[in-house]
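Please keep the structure in view while reading.

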Amino acid sequence: MPHAEVTAQSTVDEPLRAQLLACWTDVSNAGGAVGFVPPVTAEDVAPVLDAVVDRVRAGREVLALLRVDGELAGFAVLSLSMSPLRRHWATVLRVQVHPDRQGQGLGRALMTGVHDVARARGLEFLHLTVRGGTGIEAFYQGLGYREFGRMPGAIRVAPGDDRDELHLTCRL
Ligand SMILES: CC(C)(COP(=O)(O)OP(=O)(O)OC[C@H]1O[C@@H](n2cnc3c(N)ncnc32)[C@H](O)[C@@H]1OP(=O)(O)O)[C@@H](O)C(=O)NCCC(=O)NCCS
């Protein structure tokens, strides 16, 4: 496996924004379940990425970057709750590895790094959702997540193609 490192990033400059935008667009067009249905353009993804960047700057979300030999290979977002009653856990969003690099153990490396970042912030468990029908829950189950519920028909991938949203959790 290539040398991978995961770091928490609190600011996003223009070159990094461009890399994140290219990654998210390529992952979406390869069929990844990260908020879009293909085909998408960078213009479609940009406002959603910019909203993440704003929340990262405001301290509401943490961006975890996966780099391989210094090059961006994927990322994930930790969404922190603003409620004082919910400060002991977070939701993981947008987990993605660039299509050119999938299937090499990097998704596991990314999530292991996300767990380290979360532990360092004192979080006790993580929550995430998976689009039904993708099989991606097997990836998370291999990392210690278990399904605790699902919302029937929550995701309308296309007219007539409603998917359940699976809810998973993992103790850190
Ligand atoms: C899901 C994703 C992050 C996994 O990353 P990856 O680098 O391909 O995964 P890894 O090579 O680290 O795989 C780790 C393990 O998970 C399994 N796995 C990976 N992707 C899987 C999938 N889609 N379905 C089932 N199992 C999967 C692998 O077989 C491997 O199992 P093993 O440890 O028994 O060999 C990556 O495929 C991706 O970015 N997909 C598109 C975006 C997306 O849909 N994200 C999920 C949002 S919920």
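Around the ligand there are 20 residues, and the closest of them are Gly32, Gln102, Gly107, Arg108 and Ala138; a residue is near a molecule if its C-beta atom, placed from the backbone, lies within 6 Å of it. Two or more residues of this shell come from each of β4 (89-97), α3 (106-120) and α4 (137-141). Helices (H or I, at least four residues) and strands (E, at least two) are DSSP runs, numbered from the N terminus. The shell comprises ten nonpolar, nine polar and one charged residues, where Ala, Val, Leu, Ile, Met, Phe, Trp, Tyr, Cys and Pro count as nonpolar, Asp, Glu, Lys and Arg as charged, and the others, Gly among them, as polar.

The model is predicted: local features need pLDDT of at least 70, side-chain atom pairs count only at pLDDT 80 or more, and totals for chains, interfaces and linings use all residues. Residues are numbered from 1 along each chain as its sequence is written.

The chain contains four helices and seven strands, in the sequence order β-α-α-β-β-β-α-β-α-β-β. Its radius of gyration is 15 Å, close to the 16 Å that the globule rule gives for 172 residues, so the chain is as compact as a globular protein of that length; the radius is taken over C-alpha atoms, and the rule is 2.2 Å times the number of residues to the power 0.38.

Of contacts between residues at least 6 apart in sequence, 58% join residues at least 24 apart, a contact being two C-beta atoms, placed from the backbone, within 7 Å.
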